[in-house]
Amino acid sequence: MAPRKIIHLDLDAFFCAVEELRQPDLAGKPFAVGGQPNERGVVASCSYAARQSGVHSAMPMAQAVRVCPGLIIVSSQYSAYQHASERVMEILQDLTPRIEQISIDEAFLDVSDLPESHTDIARALQGRIASDLQLPCSLGLASNKLVAKIATDVGKANHRQASYPRAITYVAPGTEAEFLAPLAARMLWGVGPKTAERLAGLGAQTIGDIVALGQDTLVRQFGRPGGDLWRHAQGLDERPVESDHVLKSISQETTFERDRRDEKQLLEVLQELSEQVGYRLRQQQLVAGTVRIKLRWSDFSTFTRQMTLPTPTDQDGVLADCAFHLFYQLWQPGRAVRLLGVGASNLGSRVHQLSLWDTPVDKERKLLQAIDELRERYGKKVVQRGRGIKPQSSA
Ligand SMILES: [Mg+2]
């Protein structure tokens with residue numbers, strides 16, 4: 001069997017990166033997100049400039065201010081981080097449904113099915129998260145989750161500058177054990193301070209030392225987990241990427257290279273975006289109860305409108321009709337548009353909704369299923385429904 005292509009993604013100093021977007025003058029400065037020192041606050045995230053002075057996350061804020069005088073303290077805005085995290089996960093969903101989110105800023109992806117090389121996929125993904133969301137991230141690439149996660153950690157640890165690491169660390173199949181051997185035992189995922197201490201007591205400082213202890217010794221010392229430890233220390237890990245992550249919304253948007261005023265063209269874009277959202281809903285076996293659109297005028301003012309459907313849907317036609325309806329609540333003829341987006345939220349599982357479908361929808365569903373199969377075979381761009389869109393003003 002060919003080795004798997006697993007990616008571990010970790011957003012760099014995530015809360016800080018989001019705060020920099022909210023307050024651009026923070027860029028490059030030593031700052032920490034977290035509670036106030038006089039309220040026994042701790043550092044939730046700190047900028048790389050602050051890290052250079054010795055600040056790290058989970059440090060009491062009072063101590064952080066001592067080691068880094070002039071540290072700017074920013075109180076955390078969790079909803080903003082949650083929102084940014086959802087946008088990142090949507091980008092990951094564009095790449096593959098095989099995603100396992102493990103925290104607000106970390107996820108595993110299994111990209112084994114994609115034809116591009118492991119590193120090309122990672123570079124493109126990092127580039128897209130940077131260009132669409134202006135967020136930096138580091139990636140670890142390996143044949144399994146364990147080594148991919150450690151690869152990310154190693155990439156970040158090797159970075160010692162005030163900038164974001166944006167590290168991509170690739171561990172070629174077959175070199176896992178070699179990659180892990182020189183690393184400190186506590187870098188092995190799952191080895192906490194206590195286990196590390198016990199391992200040190202057995203003379204194992206590095207991951208290679210753990211392997212050298214041998215399976216029997218490890219099982220005698222740690223019981224059954226000792227066997228896992230021995231396998232993991234050799235970079236062996238069969239655990240699948242578990243895509244049980246529940247999506248909160250699915251959206252697609254397009255920023256035009258040149259602002260657009262043509263009503264018919266804009267409707268065509270909405271149609272296309274609706275089809276992309278519908279495709280992703282069906283791929284995830286989801287239906288949406290709410291449809292929204294986003295419109296940004298050329299002066300960057302941005303508006304959204306949303307509507308709730310009487311029956312949740314995954315149908316391109318229904319999504320597009322809603323999008324058109326919402327578009328006309330915002331549209332000002334002749335005014336230049338910079339960005340259009342279509343989103344679906346209030347998501348539920350399709351399986352539970354089946355009783356709600358009536359026959360014409362079933363027919364539409366079969367057609368869409370056939371189109372989806374073609375899309376999967378020949379790529380997303382090739383199949384377009386020949387739906388005629390009539391601009392309202394000329395109708
Ligand atoms: Mg992170």
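Two strands pair if DSSP finds at least two bridges between them. Strands are DSSP runs of E of at least two residues, helices are runs of H or I of at least four, and both are numbered from the N terminus.

Before you start: this is a predicted model, where local features need pLDDT of at least 70, side-chain atom pairs count only at pLDDT 80 or more, and totals for chains, interfaces and linings use all residues. Residues are numbered from 1 along each chain as its sequence is written.

**Stop 1: the five-stranded sheet.** Select β5, β6, β1, β7 and β8. In that order they form an open sheet with mixed pairing. Look at β5 (99–103) and β8 (168–170): each stands at an edge with a single partner strand, so one side of each has no neighbour in the sheet. On average, neighbouring strands here are turned by 15° against each other, direction ignored.

Now zoom in on β1 (residues 6–11) and β7 (residues 137–142). Six bridges join them in the antiparallel sense. Find Leu9; opposite stands Leu139 in β7.

Stop 2: Axes are lines fitted to C-alpha atoms, for helices over the stretch in contact, and angles run from 0 to 180 degrees between N-to-C directions.

**Stop 3: α1 against α4.** Select residues 14–22 and 78–95. These helices, α1 and α4, pack at an angle of about 100°, with axes 10 Å apart. That makes α1 roughly perpendicular to α4 (65 to 115 degrees). Phe14, Phe15, Val18 and Arg22 of α1 meet Ala80, Tyr81 and Ala84 of α4. Contact here requires C-beta atoms, placed from the backbone, within 7 Å.

Stay on α4. Its buried residues include Tyr81, Val88, Met89 and Leu92. Buried means that 20 or more other C-beta atoms lie within 10 Å of a residue's own, all placed from the backbone. Among the elements covering them are β1, α1, β5 and β9 (249–260).

**Stop 4: around β2.** Select residues 31–34. Phe31 and Val33 point one way, Ala32 and Gly34 the other, and all are buried. On to the partners. β4 (residues 72–74) runs parallel to β2, joined by three bridges. There, Val74 is the bridge partner of Val33. β3 (residues 43–46) pairs with β2 in the antiparallel sense, over three bridges. End at Gly34, which stands opposite Val43 in β3.

Technical notes. Angles under 35 degrees count as roughly parallel, over 145 as roughly antiparallel, 65 to 115 as roughly perpendicular and the rest as oblique. Two residues are in contact if their C-beta atoms, placed from the backbone, lie within 7 Å. A residue is buried if 20 or more other C-beta atoms lie within 10 Å of its own, exposed if 12 or fewer, and partly exposed in between; C-beta atoms are placed from the backbone.
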